[in-house]
Amino acid sequence: MSVRTSAPAGSGPPITATAVPVRRVTLAVTAAGLCSFALLYAPQPLLPQLAEQYALDPGRASLAISVATGALAVAVLPLAVLSEIVGRKPVIVASVLVSAVLGLLLPLAPTFDALLVMRVLQGVAIAGFPGVAAAYLAERLGAAGVAGAVGAMVAGNTLGGLSGRLSVGFTTDALGWHGALAVVGGIGLVCALITATTLPGLPRRATRPRLADVGRGLVAAASDRVLLAQYVVAMVAMGSFVALYNVAGFRLTGDLGLHPATASLVFLAYAGGAVASSRAGRLVARFGRRSTACAGLILTIAGAALTLPDSVPLVAAGFVVLTLGFFTAHSVASGWAAADAPAAGRGQAGGLYNACYYLGSSVGGAAGAVLYGHAGWGGLVAAVAGALTVGILAILSAGR
């Protein structure tokens, strides 16, 4: 498979597919997504075990996820701006390698507080990939190829989140939570090495952008009404999604009495996310971005409502439905932001989108766990429905 792509302004002649096969780009970013998101969310199935071992309530235990995603949210924009200066590829390669090494060191943390510190560092390291990847793909594959490429990237990210969670869920009984995290660290290192050896570079720019130019790009990315709507969707959708999955283990093992290994099977719903991500582009071509994004958010609300009865089959079905809805909305919003970003602020727009996305993950994940502790699953689902409604209103108010 090959495409003719356009290079960034001032970077030299256009890149042709004979120089850079699309499959090589796809392999590299898929491996990076697998590495980053397997490492980022690996502790999620372990939250009940961490709560038990360290005598924590659900809100405190959920910090194992929230501090990493919060650090990612803070670091993603500075790293996106850095990529404008030093290049996209160096930032992506450093991101996956450093985060994988930290993943191998994470099981050695002697206390929960030490684990949280290491998760903060890992979140900063991981930020380099999601903050830069969309801009890299837009510059490598051109405007015509970015929609499909972003969908493929999100699918790879989804599989990374799925593989990390399931690897931990299935190995915890045999290896303990330390050993389970070490397994995911090993998977992350293999994927990071694949990315480092296969990711094509971008042409060298004739001139490096000045800080003033970077600042103007940031202002443009932060003031566009359509882009602002995508940032809102990123924050409320991801916050709702992570809140539900953070608490899923407590609900399934506590409320419904399942064994932890059995409860971890709920993360198989992530496979539906890969399907939804890869099909989002087709839905946009047929129905338009606004309709598809709104439909994804409505489907997420419906799936969350389906989990309300104390029935394992209904809870499982609800997670499948809400996962399909979330990844549809996220794929549309991220592709929309990448396609509509101003040329001078493409990296900044990607950084802002991902900052909102992971800020939502951090705040929503922690707040959802606290809310569950006080108001139960029904209160959490009601709050999620309200937050996603805000996202729908943002899309409808964004105009064309």
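Does A55 count as buried or exposed, and at what relative accessibility? A55 counts as exposed, at 70% relative accessibility. The model is predicted. A55 sits in the loop between α2 (47-54) and α3. Its phi is positive, at about 55 degrees, although A55 is not a glycine.

**Salt bridges**

A search of the whole structure finds 2 salt bridges. The table lists both pairs.

| Pair | N to O distance | Accessibility of the Asp | Accessibility of the Arg |
|---|---|---|---|
| D113 and R60 | 2.8 Å | D113, 47% | R60, 32% |
| D310 and R251 | 3.1 Å | D310, 61% | R251, 3% |

Take D113 and R60. Their side chains meet in a salt bridge, 2.8 Å from N to O. D113 belongs to helix α6 (residues 112-126) and R60 to helix α3 (residues 58-61), so this pair ties together parts that are 53 residues apart in sequence. D113 is partly exposed, with a relative accessible area of 47%. R60 is also partly exposed, and its relative accessible area is 32%.

Now D310 and R251. The closest N and O atoms of this salt bridge are 3.1 Å apart. Here too, distant parts of the chain are linked. D310 lies in the loop between α13 (289-306) and α14 (312-340). R251 is in helix α10 (residues 225-255), 59 residues apart from D310. R251 is buried, with a relative accessible area of 3%. The cut-off for buried is under 20%, so R251 falls in that class.

**Packing of α10 and α14**

Two packed helices are described by the angle between their axes and the distance between the axes. The axes of α10 and α14 come within 9 Å and cross at roughly 155 degrees. Angles over 145 degrees count as roughly antiparallel, and α10 and α14 are therefore roughly antiparallel to each other. Their crossing is left-handed.

Which residues make the contact? On the α10 side they include V226, L227, V233, F241, L244 and Y245. R251, the salt-bridge partner of D310, is also one of the α10 contact residues. On the α14 side they include V315, F319, L322, F326, F327 and W336. The contact residues divide into 18 nonpolar, 2 polar and 2 charged.

Notes:
Residues numbered from 1 in each chain as written. Predicted model: local features only at pLDDT ≥ 70, side-chain atom pairs only at ≥ 80, totals over all residues. Heavy atoms only, no water. Salt bridge = Lys/Arg side-chain N within 4 Å of Asp/Glu carboxyl O. Helix = DSSP H or I, 4+ residues; strand = E, 2+ residues; numbered from the N terminus. Buried < 20%, exposed > 50% of the residue type's maximum accessible area, 1.4 Å probe, protein only. Axes fitted to C-alpha atoms, helices over the stretch in contact; angles between N-to-C directions. Parallel < 35°, antiparallel > 145°, perpendicular 65-115°, else oblique. Left-handed = near helix turned anticlockwise from the far one by under 90°. Contact = heavy atoms within 4.5 Å. Nonpolar A, V, L, I, M, F, W, Y, C, P; charged D, E, K, R; others polar.
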